[in-house]
Amino acid sequence: MNRPHAAARAARFFVEKFPGKSLYAVKANPSPDLLRILWDAGVTHYDVASVVEVRLVRETLPDATLCFMHPVKSAGAIREAYHSHGVRVFSLDSLEELEKIKDACDNAEDLTLCVRLRVSSEYSELSLASKFGCDLTQAAELLQATRQAADSLGVCFHVGSQSMSPHAYVQALERVRAAIVDASVLVDIIDVGGGFPSIYPGMEPPPLEDYFGVIDRTYESLPVSYSAELWCEPGRALSAEYNSMIVRVERRRGTELYINDGAYGALFDAAHVGWRFPVRVLRNEVANDVDIGVAEMEPFSFYGPTCDDMDHMEGPFELPADIRAGDYIEVGMLGAYGAAMKTAFNGFGATDVFEVSDEPMSSQYRGDRRDPRVSDNVVSLR
Ligand SMILES: *Cc1c(COP(=O)(O)O)cnc(C)c1O
């Protein structure tokens, strides 16, 4: 079930409140409908990770600015992006990648090159720290070499997805400061990456305004070009509320529910990293004569539809104690890394898509959020 109004609201929030430019990280949800909603709400820049995403966004939004922010690309992908799709922004984290980009773009002089620094993932629920990013010890050399090749030089990083504390960005920006000072180069773009959180059971982050505030203050104190720009690359935060999924309970065994989506479907993260998506039972109250408002709640785990044991989701998922085969459950907040992860393994995965106008199961953007700093789930601010 798609909620276009929720995605548009998230996009307007970033466009209006983030103190710089917001690039949508397409991999979180590459649906063309979503891309058009974000564009209509004012998102003009798109962070793409593969040549397939380059083609998709170029086809869907001919006037969008594409930024190829995967630090390890094939020469063919860079070449096609630069020469056929007008991509001018690329990220890198090694001298080899720098040479590859220069070569594939025929030593073009109109490149914006962003050096990706390795930063800590300690405040995030999903690490993106170990795979990419240049260490501080190698950053000066790489920044200086990249400065020579770039028309515009950026520094970027990713604090990890679902970052539960704004402090993660302060810490990363301090590392950026050290790298810039060490290299003594003129920097034109600071890109704080993704990681902006959404709300899930047991994970209620501080309001996004807190993140934007500390990022703005720390950015303002960095030694960068006076005309420098601040960028961010939200994926999850722009797409999580866009979509949810209705699954059917096929069988109940104690507190285990067998449902028709799972590890190989949109619930990949629920199975593989134990992500707790919000759930609610959907019943026709009149026909079933059940008052769902007072039903006692109980924790359940899920099995997906395929034949292997890995297709299991620990949860816990809080549902009415009398839930049974034939009931339908809405699993919320699947717009980010949900639909995007689906496979057709074992012949499952077909869905019908509906557009609805009610509220998503939780929202960072509704304006009636209780102050989450009173909740125990929040990593404290320092
Ligand atoms: C995945 C990714 C993002 C988006 O991250 P979220 O945590 O979804 O905001 C942004 N930038 C890069 C380079 C990424 O790989």
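**Close-ups of a predicted model**

**View 1. Asp135 pairs up with Arg118 in a salt bridge, with 2.8 Å between the closest N and O atoms.** Asp135 sits in the loop between strand E6 (124-126) and helix H6 (136-149), and Arg118 in the loop between E5 and E6, so this pair links distant parts of the chain, 17 residues apart. Here a salt bridge means a side-chain nitrogen of Lys or Arg within 4 Å of a carboxyl oxygen of Asp or Glu. Helices (H or I, at least four residues) and strands (E, at least two) are DSSP runs, numbered from the N terminus. Asp135 is partly exposed at 30% relative accessibility, and Arg118 is partly exposed at 26%. The cut-offs: buried is under 20% relative accessible area, exposed is over 50%, and partly exposed is in between (1.4 Å probe, protein chains only). This is a predicted model, where local features need pLDDT of at least 70 and side-chain atom pairs count only at pLDDT 80 or more, while totals for chains, interfaces and linings use all residues. Residues are numbered from 1 along each chain as its sequence is written, and side-chain values use heavy atoms, leaving out hydrogens and water.

**View 2. Asp358 and Arg280 meet through their side chains in a salt bridge (3.9 Å, N to O).** Asp358 lies in the segment after strand E16 (328-331) and Arg280 in strand E13 (residues 279-282), so the bridge ties together parts 78 residues apart in sequence. Salt bridges with shared partners put Arg3, Arg280, Glu330 and Asp358 into one network. Asp358 has 35% relative accessibility and counts as partly exposed; Arg280, at 32%, is partly exposed too.

View 3. With 3% relative accessibility, Ser244 counts as buried. The Ser244 side chain makes polar contacts with the side chains of Arg3 (3.0 Å) and Glu330 (2.6 Å). A polar contact is a pair of N or O atoms within 3.5 Å; within protein, one must be able to donate a hydrogen and the other to accept it, and residues adjacent in sequence count only if both atoms are side-chain atoms.

**View 4. Cys307 carries the UniProt feature "active site", from an unreviewed entry.** UniProt positions follow the numbering used here, feature names are shortened, and annotations may be inferred rather than shown by experiment. Cys307 lies in the loop between strand E14 (297-303) and strand E15 (312-320), and at 73% relative accessibility Cys307 counts as exposed.
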